[in-house]
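Good morning, and thank you for coming.

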Amino acid sequence: MTTETPISSNPEWSNPVWSVRDHPMWIDGVPVPSRSGQWRDVHNPARRETVIARVPAGTVEDADHAVTAARAAFPAWRALHFTGRAKALWAIADELEQRAEEFSRLTALDTGNALRTQARPETVSMVAMFRYFAGIAGEVKGTTLPAGDDQLQYTRLEPLGVVAAILPWNSPLLIAAFKVPAALAAGNTVILKAADDAPLTILLLAEVCNKHLPAGVLNALTGRGAVVGDALATHPGVDKVSFTGSTEVGRQVGAQAGGRLAHMSLELGGKNPSIVFPDVLDGGGESDVELMNGLLLASRFTRQGQSCTAGSRLYLHEDIFDEVVSRLTQKLGALTVGDPLDEATDMGAIINARQHAQISGFLDEGRATEGMKAVLGGDAPQSGPLTEGYYHVPTLFTGGKNEFHIAREEIFGPVLVAIPWREVDQVVSMANDTHYGLAAYVWSHNLDDALNTAHRVDAGWVQVNQGGGQMVGQSYGGYKQSGMGREVSLEGMLEGFTQTKQINVKLRPSGTRG
């Protein structure tokens, strides 16, 4: 049975650090309100309709102001020696680490992600990203081509200019860390567009960054995506749009940026397969424990399933189907769901009422689908402390088929659909029968089965015998409608935030110069 923790009795809610106050945007190195004078409420997912802060209701004029500031700051920032940019990133990383608990607690309050299982690891990853890109800032370099004694031919990797980074609400700090330090290390200036539903940590990140960067190098905006996001995607002064979010919105952003031939990268949705071979069970031993822990991580249930890399299609070999379902049901059912700021909580709150209702709709559909059965969960809490916030409990459906709607669409909630398979060709075909291609998971102790399957699955990121998160320096991005472009890595920085200039120089032969 899933454990619930009380909400209103938690003393954290009376902590004055969380008192409602206004959090300004950051433009040209200073905190500013919107030029409209309007503010928007920020709500706490763990307590319905509870306002925790106000942020500016940004406008097209605010976006233009930020672009002007970023463009003005660009020439000096790009001209700075890479060691200067690296020094700034190191200093930012040091302060972020010093204030890690502040960022973690604000993340839990702002997003609903549990402090222990999600918010703190996200903060640690953010710090690591800034340090990684500080360390490789000097790798933004070109090549010299052999061209004979009368030619000097070389390339320069130059920054793109102004980068607009449009962020999601599920893991805002982590996603900002994918984009910001890479763009800055390469010599670009940046405008962050914080998500409507989780803007507070991004504004705090901008505050820290602006202590260590020249004015205008990093700006942060809040406001509706249809206003501020659209203004940045269509602005002629924005050289690149880096977007993370749903495939539906990504199509719109891509059309806007592509319409003016701007650079872009899109990290979009996923309906990711998790393929389990029968050899991974060992009759209750260590391998069984590792598999259950790995499947828990891959499901992203400790992020409420609100992750584009969640392994939400669980393909279990027929020989072990019942046993894995039984063990996994116990594992997921033991999770503590409740107050994100409680140290005992494994799984926090859904971001808002709209997302909560969307997940409920998928649960209703699953229960109504002939042959499907919720062996765990299947409905939102109807009474008790979890009804005070936007909570769902872990759900595991069996009886699923690959063609079912619930097995094909991204739910972005704590819902797994288990589907049996017999032949490898069959499961690979089912895994690839989707317009998504972001992540995949393969579980087998047979190296041939594991790697052959990993190579055949259409996904930009495949994990074998593990379900953990991104590692600093890995290449990250999707196939098909899960996006375009790569982030997190050196390759992603060079591909995504620089452009190549070829320079050919005619040299006069020795002895001909006067």
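The lining of the largest cavity comprises six nonpolar, seven polar and two charged residues. Here Ala, Val, Leu, Ile, Met, Phe, Trp, Tyr, Cys and Pro count as nonpolar, Asp, Glu, Lys and Arg as charged, and the others, Gly among them, as polar. Please note that this is a predicted model, in which local features need pLDDT of at least 70 and side-chain atom pairs count only at pLDDT 80 or more, while totals for chains, interfaces and linings use all residues. Residues are numbered from 1 along each chain as its sequence is written, and side-chain values use heavy atoms, with hydrogens and water left out.

A cavity is a set of points on a 1 Å grid over the protein atoms alone where a 1.4 Å probe fits but cannot get out, and lining residues have an atom within 4 Å of a point. Points are joined across faces, edges and corners, and the volume is the space filled by probe spheres set on them.

There are four cavities of 30 Å³ or more. The largest has a volume of about 100 Å³. Of its 15 lining residues, G305, A310, S312, F412 and G413 lie nearest the centre.

The second largest cavity holds about 60 Å³. It is also lined by 15 residues, with P273, R313, Y436, G437 and A439 closest to its centre.

Key
On a 1 Å grid over the protein atoms alone, a cavity is a set of points where a 1.4 Å probe fits but cannot get out, and a pocket is an open set with protein on both sides within 12 Å along at least five of seven lines; lining residues have an atom within 4 Å of a point.
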